[in-house]
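Student: I have some questions about how the terms are applied here. Can we go through them one by one?

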Amino acid sequence: MTDVTPFRPAVAGSQPPNDSPEYGSTHKRHPKQALVAFAHTVTEATGPRFSPAQFPAIIDISTVDGHAAMGERIIVRGRVTDEDGRPVPDTMIEIWQANAAGRYHHPRDQHDAPLDAHFQGAGRVFTDADGWYQFTSIKPGAYPWRNHFNAWRPNHIHYSLFGSGFATRLITQMYFPGDPLLELDPVFNTVPDEHARKRLVAKFDLDVTRPEWALGYRFDVVLRGREATPMEE
């Protein structure tokens, strides 16, 4: 089936540049030569098929074997749409984050903060027919990084969204409202446009909040067009 809606690129200034002087590691990661365009084959455009049958959903990363992780339990709910507000169904969303103490469950993370054996640290959800997704987690802690002197990353959750194949993968981060580290964070501030940066910050949502159990947040993702969510290149 052909998408008859013309592709609308993101508004200028709403997406981060490949090389940002304040974000040090972009100097080593961004392309130094002109990109080479090539036609996608069926393999890149349609495979593999991401479905719960092959990739089981992991919708609650706040527990392991029935034991609850330490920290503030949260529920995150949102909707994935295109530039015209049309839902994008059956999208696989991978999430990963630090624990409440600001440490990732990964051998390369040597931050002097405690690990939590009851926190999974990563999950996977799928959007439904109307583009909605939801997962349960623990609010991640801030952590130091060596981008510059006394640098700390704000609380955030990483998102990886897959389309019909590996060639249609988008990566972004969700931040939390009221975080004082946002205005100091070079990653968050790689997005030039202030309005676009705000699209990376979740909103507290009392309707998502579960009484006496977890606070709720709303984080919508727009894949392209005038209100596109900023994505990492």
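Student: Why does glutamine 97 count as buried?

Tutor: Buried means under 20% relative accessible area, with a 1.4 Å probe and protein chains only. Glutamine 97 has 2% relative accessibility, so it counts as buried. The model is predicted: local features need pLDDT of at least 70, side-chain atom pairs count only at pLDDT 80 or more, and totals for chains, interfaces and linings use all residues. Residues are numbered from 1 along each chain as its sequence is written, and side-chain values use heavy atoms, leaving out hydrogens and water.

Student: Where is glutamine 97 in the chain?

Tutor: In the loop between strand E4 (92-96) and strand E5 (122-126). Strands here are DSSP runs of at least two residues, numbered from the N terminus.

Student: What makes the pair of glutamine 97 and isoleucine 138 a polar contact?

Tutor: A polar contact needs N or O atoms within 3.5 Å, one able to donate a hydrogen and the other to accept it. A polar side-chain atom of glutamine 97 lies 2.7 Å from the backbone oxygen of isoleucine 138.

Student: Which residues touch the most other members of the largest nonpolar core?

Tutor: Val76, Tyr133, Ile157 and Tyr159, out of 23 residues. Strands E3 (73-81), E4, E6 (132-138) and E9 (156-162) each supply at least two residues of this core. Such a core is a set of buried Ala, Val, Leu, Ile, Met, Phe, Trp, Tyr and Cys residues joined through side-chain atoms within 4.5 Å. Apart from it lies another core, of eleven residues, including Phe188 and Val201.

Note on methods. Helix = DSSP H or I, 4+ residues; strand = E, 2+ residues; numbered from the N terminus. Buried < 20%, exposed > 50% of the residue type's maximum accessible area, 1.4 Å probe, protein only.
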